[in-house]
Amino acid sequence: MENVEHRIVEVNGIKMHVAEKGEGPVVLMLHGFPELWYSWRHQILDLSSKGYRAVAPDLRGYGDTEAPESVTNYTCFHLVGDIIALIDSLGVDKVYLVGHDWGAIIGWYVCMFRPERVKAYVCLSVPFRPFLGRDPKINNYDAFHAKYGDDYYVCRFQEPGKAEAELAEVGVAYFLRNMMTTRKPGPPIFPKGEYGTGFNPDMPDILPSWLSEEDLDYYVTKFNKTGFTGGLNYYRNLSLNWELTSPWSEVGVVNVPVKYITGDCGLVYTTPSMKEYILDGGFKKDVPGLEEVVVQEGIAHFNNQEAAQDISNHIYDFIQKF
């Protein structure tokens, strides 16, 4: 991919695969589920052409990064430890941080625990609120479980091996195509035995313009090799994360300037009560450093890929201020 450098670095007891390009201040980009460093391919090229060192790792358990076997090796402290060690390996004190989906959640944790390592944070899709220092058994989580039972995907992913077995029935290629192309509003629901029709009943025969067959093949090849257990283990630590972070239960993000970007068709933004939280003051109360909220019209969850140039422009416009 146009002279992108790939290397393996030792961080926090694991070997991590990192893709990077460019010279200058570091922009560190963290992917979500079910994604890889490759989700940032457009931003790597764009930001590196504008005087930045664009860096995107495969997170713990993904792609060419090591995947520890124990579920408890995927807590928020392990994930933040990986990122801080990666920043150290880059030879810089601070980075511009960008996160999407689970990468966004990790980004919030980094801003809470180690704000002195972050110049500014651009968060995509997932605001501060979900599960950070809060019991995941209450509020939205509990309401969704009451309505959908174990069909709500956060609930469905909890038991080791169960989700993996169900995903194996439909295959990696089908699951990734089905999930990445969804525009179904609201929390992701996987009715039992209906992965093909339950999460994205309107899955198109032809991929959208922003996701080529070559792009999809890259993801499929990597997940065929690794499986999804690493990424699923992030969800399996939600309750443990709540226990571990109880001292931070009333702590927001104060000392980091933040820009938040979501698509108005995104599954998080259209989740009940989330839009009100983002727009009506709750988000700003929790994150006093929140300077901008951008809602992209007609864009769904994977906005760093679907609206790649727009996201690149928003990142650049924000970080150059700091």
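User: Let's start with Trp108. Which residues does Trp108 touch, leaving out those up to four places away in sequence?

Analyst: Trp108 touches Tyr121, Cys123, Val126, Pro127, Phe128, Leu132, Val253, Val258, Phe283 and Val287. Contact means heavy atoms within 4.5 Å. Bear in mind that this is a predicted model, where local features need pLDDT of at least 70, side-chain atom pairs count only at pLDDT 80 or more, and totals for chains, interfaces and linings use all residues. Residues are numbered from 1 along each chain as its sequence is written, and side-chain values use heavy atoms, with hydrogens and water left out.

User: OK, and the largest nonpolar core: how many residues, and which have the most contacts inside it?

Analyst: The largest nonpolar core has 98 residues, and Leu28, Phe33, Trp108 and Tyr121 have the most contacts inside it. H3 supplies the largest share of this core, 10 residues. A nonpolar core here is a set of buried Ala, Val, Leu, Ile, Met, Phe, Trp, Tyr and Cys residues joined through side-chain atoms within 4.5 Å; buried is under 20% relative accessible area, exposed over 50%, partly exposed in between (1.4 Å probe, protein chains only).

User: Where does H3 lie?

Analyst: Helix H3 (residues 102–113) lies across E3, E5, strand E6 (118–124) and strand E7 (258–263), at about 150 degrees to E6. Helices (H or I, at least four residues) and strands (E, at least two) are DSSP runs, numbered from the N terminus. Axes are lines fitted to C-alpha atoms, for helices over the stretch in contact, and angles run from 0 to 180 degrees between N-to-C directions.

User: And the sheet, what's the strand order?

Analyst: The 8 strands go E1-E2-E4-E3-E5-E6-E7-E8 in an open sheet with mixed pairing. Strands E1 (5–11) and E8 (290–296) stand at the edges with a single partner strand each, so one side of each has no neighbour in the sheet. Two strands pair if DSSP finds at least two bridges between them.

User: How many bridges join E3 to E5?

Analyst: 4 bridges, and the two strands run parallel. Met29 stands opposite Val98 in E5.

User: Switching topic: where's the cis peptide bond?

Analyst: Between Phe33 and Pro34, with omega about -5 degrees. Pro34 is in the loop between E3 and helix H1 (41–48).

User: What about phi at Asn12 and Ser273?

Analyst: Neither is a glycine, yet Asn12 has a positive phi of about 55 degrees and Ser273 one near 80 degrees. Asn12 lies in the loop between E1 and strand E2 (14–21), and Ser273 in the loop between E7 and helix H12 (274–279).
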